[in-house]
Amino acid sequence: ILIKDIVFDGLVMGDYETGSTGIIAGIIQKNAIVELQNVTFKNCTVYGLNKAGLIAGQINGELILNNVKIENSVVNASEGESGRVFGTVMPSGTIEKNQGCSIDDNTVLNIVKYSI
């Protein structure tokens with residue numbers, strides 16, 4: 001899958017009762033290749049139980065980042081294995097980061113207490 005030349009601005013996605021949450025994919029499956037070229041995420045919020053990340057929650061396949069920018073965004077998770085860009089990379093997963101990738105200081109990960 002190739003995603004290119006797009007700005008994701010102001011998206012809010014997720015559920016505190018669901019793990020593996022991200023804007024592009026909850027899970028990048030084994031043997032899948034997801035490439036982002038000239039993609040910007042700004043003012044976005046992702047929230048989930050665990051394995052939450054702005055781009056993907058869980059990476060079992062391959063994620064390729066080319067000129068990806070992350071600005072002023074938030075990831076809220078109620079358990080661990082979460083991060084600003086992705087939640088977790090499984091043993092079969094890989095990430096390739098090329099030129100032009102950046103994440104600003106205003107993008108944060110919050111581990112929040114959630115109960116029903």
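Trainee: How many salt bridges does a search of the whole structure find?

Mentor: Start with the criterion: a salt bridge is a side-chain nitrogen of Lys or Arg within 4 Å of a carboxyl oxygen of Asp or Glu. Searching the whole structure on that basis gives one salt bridge. Its partners are the side chains of Glu81 and Lys51, 2.6 Å apart from N to O. Glu81 sits in the loop between strand S8 (74–77) and strand S9 (86–89), and Lys51 in the loop between strand S5 (45–48) and strand S6 (56–59), so the pair ties together parts that are 30 residues apart in sequence. Strands here are DSSP runs of E with at least two residues, numbered from the N terminus.

One caution: this is a predicted model, where local features need pLDDT of at least 70 and side-chain atom pairs count only at pLDDT 80 or more, while totals for chains, interfaces and linings use all residues. Residues are numbered from 1 along each chain as its sequence is written, and side-chain values use heavy atoms, leaving out hydrogens and water.

Trainee: Is Lys51 buried or exposed?

Mentor: Buried means under 20% relative accessible area, exposed over 50%, and partly exposed in between (1.4 Å probe, protein chains only). Lys51 has a relative accessible area of 17%, so Lys51 is buried. Glu81, at 43%, counts as partly exposed.

Trainee: Which residues does Ser20 touch?

Mentor: Contact means heavy atoms within 4.5 Å. Leaving aside residues up to four places away in sequence, Ser20 touches Gly26, Ile27, Asn50, Lys51, Gly57 and Gln58. With Gln58 there is also a polar contact between the side chains, at 3.1 Å. That term means a pair of N or O atoms within 3.5 Å; within protein, one must be able to donate a hydrogen and the other to accept it, and residues adjacent in sequence count only if both atoms are side-chain atoms. Ser20 is in the loop between strand S2 (12–15) and strand S3 (25–28), and is buried at 18%.

Trainee: What joins strand S4 to strand S7?

Mentor: Two strands pair if DSSP finds at least two bridges between them. Nine bridges link S4 (residues 33–42) with S7 (residues 62–71), and the two run parallel. Val39 has Val68 in S7 as its bridge partner.

Conventions:
Helix = DSSP H or I, 4+ residues; strand = E, 2+ residues; numbered from the N terminus.
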